[in-house]
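Dear colleague,

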Amino acid sequence: MVAFPLVWLVSALTIIAAYVLAKNTRMPSSARLFLCAFLLSLATIGLLLGFRLTFGFEWAARIQPLVAVMVAPTAYLGFQALAQDRASSLRQTLLWNGVPIVLTQFAILTPLPVSPDVYVLAINSVYLFRLATLLGYGADDFPHVPSHSIRVLRLAIYATIVLLGMMVATDLLIVTVSVFAGEAFILRFLTGISGVFTAFIFVVTLIGAPLALHGPGNSAAKVGEASELDRALMVKLDALMTETLLYTDSNLTLARVARRLSVPVRDVSNATNKLTGENFSRYINGFRVRHAKHALRETELPIIEVMFESGFISKSSFNTELRRIVGQTPSQFRAKKSDA
């Protein structure tokens, strides 16, 4: 009877998660690309571990480090893509982060007297630190994430940090014991740690699935908690946006708006969250989308000019926000107007 490697359960779970994530069109395409790559990298490592530990295939041990160096970078880039719009393009992101990965993989393939686990340990440690810096971001730093999902996002980042921390610790132990013990000890260690990884993925799935499926039901409760001061502040904020078109400034920040209203930043953020159920960035993007809809419908300006005139600086963000609110891309919206 052929044994079924326990670690392959991790692969099955992560492949399913990657499929569900890829179907989530509300998420920016760059975030889906990198997060799916992260999950598929984990799935591939699970498959390779199964072939190595259960069936003794040595070729799996040679391929595994090449995949492992992609795990932490893709996780970081996926969560980073959900943060505030950056001027850098996807091409620049791939260049600045892809080149180190390729060079590391080349070094692993080169017959140098250095364990591949050293390279994996180094690159995973760097990106683990970069991922941890995202925990310092506030809700308004994630314009692509609804306010009711910020808690889920933070939990996902924490879970990923724990998982990557376990991988870094494992690589460190492997590098250490390889000096004092043989291959047999490392194989026994990997067999035990694969069970720990499997249990961790199961726990995260059991806890995370209900949270991920939980909708914005709490938003209504937040609206009810709004005070008269919140409502008065929101009236002033709406008037400021409508009368000054301040939202067309692509460099607009929560701090600048708070200064214009002469109130603390937290007051503006809380009023927006309570009365709209969205974070400040999404609130501003609502004005930008309405501005863009008018320009697309009433003018013949090129779409790229409409994007900049409305306050967007990223084409992917412009497309994502219009699709989220209107259900169509800018091109589709304009084409529908032409057909009418």
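Below is a summary of the salt bridges, pair by pair.

Please bear in mind that this is a predicted model, in which local features need pLDDT of at least 70 and side-chain atom pairs count only at pLDDT 80 or more, whereas totals for chains, interfaces and linings use all residues. Residues are numbered from 1 along each chain as its sequence is written, and side-chain values use heavy atoms, with hydrogens and water left out.

Taking a salt bridge as a side-chain nitrogen of Lys or Arg within 4 Å of a carboxyl oxygen of Asp or Glu, the count comes to 6.

One of them pairs Lys274 with Asp230, with 3.5 Å between the closest N and O atoms. This pair links distant parts of the chain, since Lys274 belongs to helix 12 (residues 265-276) and Asp230 to helix 10 (residues 228-244), 44 residues apart; helices here are DSSP runs of H or I, at least four residues, numbered from the N terminus. Asp230 is buried at 10% relative accessible area, while Lys274 is partly exposed at 24% (buried is under 20%, exposed over 50%, partly exposed in between, with a 1.4 Å probe and protein chains only).

Within helix 15 (residues 315-326), Glu321 and Arg324 lie 3 residues apart, about one turn of the helix, and their side chains meet in a salt bridge at 2.6 Å, N to O. Glu321 is buried, at 1%, and Arg324 is partly exposed, at 23%.

Finally, Glu298 pairs with Arg297 in a salt bridge at 3.8 Å between the closest N and O atoms; here Glu298 counts as exposed, at 52%, and Arg297 as partly exposed, at 37%.

Best regards

Methods:
Helix = DSSP H or I, 4+ residues; strand = E, 2+ residues; numbered from the N terminus.
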